[in-house]
Amino acid sequence: MAARGEQGLERVRVKLEQCLKDRDFYHAHQMYRTLYFRLNRQLKWSQCADIMFEGSDKLLVNGELNSGADLAALFVEALNKGHIPADGHVLGRLAKLHSMMKAHSPERLTFTVKCIEYSSVWVPSTCKTGAGVPSCKRVTLNKNDESLSDVSSASSSISTVCRKDSSFGHPDLHRLLALNFWREKNFSDARYHFIHSTDGTNCARMLVEFHTSRGYRSEVDLFIAQAVLQFLCLRNQQTATVAFLVYTRGHPAVQGPPPFTLPLLNFLWFLLLAVESRAKLAIFTLLCDKYRTSLDRDPTYRLYLEKIGQIFFGQQPSHGREQGGMFGGGFFGNMINQLMAGLGDDIEDDEEFNISTEDVD
């Protein structure tokens with residue numbers, strides 16, 4: 001019985017190869033689907049996934065979007081049914097098929113959703129448990145050193161770290177999708193996927209290009225502010241730190257390392273220091289009060305900071321807090337000195353500002 005099954009599969013493969021040679025893509029598509037259902041019955045999911053990827057790749061290369069997308073969906077279905085882990089090899093294949101589909105097409109959108117759902121479920125065990133995750137290198141921001149080598153190396157280590165909550169999809173898949181969108185100059189979608197990744201370096205570089213090509217000069221601080229706050233809301237302190245450092249060191253309109261001429265950038269810098277040093281809630285509240293004018297430029301910042309306060313500073317949910325909430329009242333006073341004391345550093349013009357990328361969980 002098994003021998004006859006193998007012979008049947010081989011006959012289908014022979015017909016399939018002939019269809020491809022004749023550029024008869026309609027019947028080639030049907031042959032691939034036949035192989036899918038036969039391998040499905042035999043529970044040969046790994047082989048089935050390989051063949052569906054091969055077929056989707058060949059059809060998409062030849063401009064057969066609908067047929068190629070159909071086989072791409074069957075590829076994801078085989079991965080799901082076979083409980084095949086979302087490792088680097090599989091994620092690379094998913095990203096390749098995604099890059100070959102027509103931008104903004106319904107087929108690509110559907111495929112993207114299926115990929116994210118799959119990667120949310122079949123995460124490799126090392127990502128679910130945190131085992132084997134490399135430690136993150138400390139990032140040193142030296143006022144007299146323009147090199148980004150430390151930042152880049154730290155980000156490359158961070159990119160292998162998986163969040164404990166994979167419900168948003170595998171961060172490495174989001175990174176690959178973001179790179180696809182960035183190459184297409186689709187900055188909006190690239191930004192969304194970078195936020196759900198752990199690639200702070202490329203996220204920052206994309207934001208620099210996004211702002212310099214399409215943003216207003218007055219928005220230079222807004223582009224990185226939203227990204228940093230969203231990273232923190234996702235408990236991704238390491239990536240927020242790297243993104244901030246790379247953006248502020250790489251953007252032509254940002255003059256040098258901290259302290260900055262733009263108040264909102266200084267707020268982000270102090271916020272990252274406060275998160276790293278596990279500062280008290282009072283420090284966080286005073287910081288928000290001091291920079292209230294800058295934070296009022298975007299009403300969403302209030303929501304982000306409410307969440308950040310709860311995650312990192314033990315702030316209780318507002319529940320109808322009076323207008324102004326955590327932004328109202330208080331004195332700036334010795335806040336900066338307290339922050340620096342918590343880090344064991346003094347603020348001097350000729351000293352280093354250290355921002356660690358150690359895990360806060």
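Visitor: Why does the second largest pocket lie between domain 1 and domain 2?

Guide: A pocket is an open set of points on a 1 Å grid over the protein atoms alone, where a 1.4 Å probe fits, with protein on both sides within 12 Å along at least five of seven lines; lining residues have an atom within 4 Å of a point. Here, domain 1 (9-121) and domain 2 (171-318 + 336-341) both give residues to the lining, so the second largest pocket lies between them. The domain bounds come from an automatic or database assignment.

Guide: Please note that this is a predicted model, in which local features need pLDDT of at least 70, side-chain atom pairs count only at pLDDT 80 or more, and totals for chains, interfaces and linings use all residues. Residues are numbered from 1 along each chain as its sequence is written, and side-chain values use heavy atoms, without hydrogens and water.

Visitor: What volume does the second largest pocket have?

Guide: A volume is the space filled by probe spheres set on the points, which are joined across faces, edges and corners. For this pocket the value is about 180 Å³. Its lining has 13 residues, and R108, L109, T112, F181 and D189 are the closest to the centre.

Visitor: Which elements give two or more residues to that lining?

Guide: Helices are DSSP runs (H or I, at least four residues), numbered from the N terminus. The elements in question are α6 (106-121) and α10 (187-195); α6 gives the most, with five residues.
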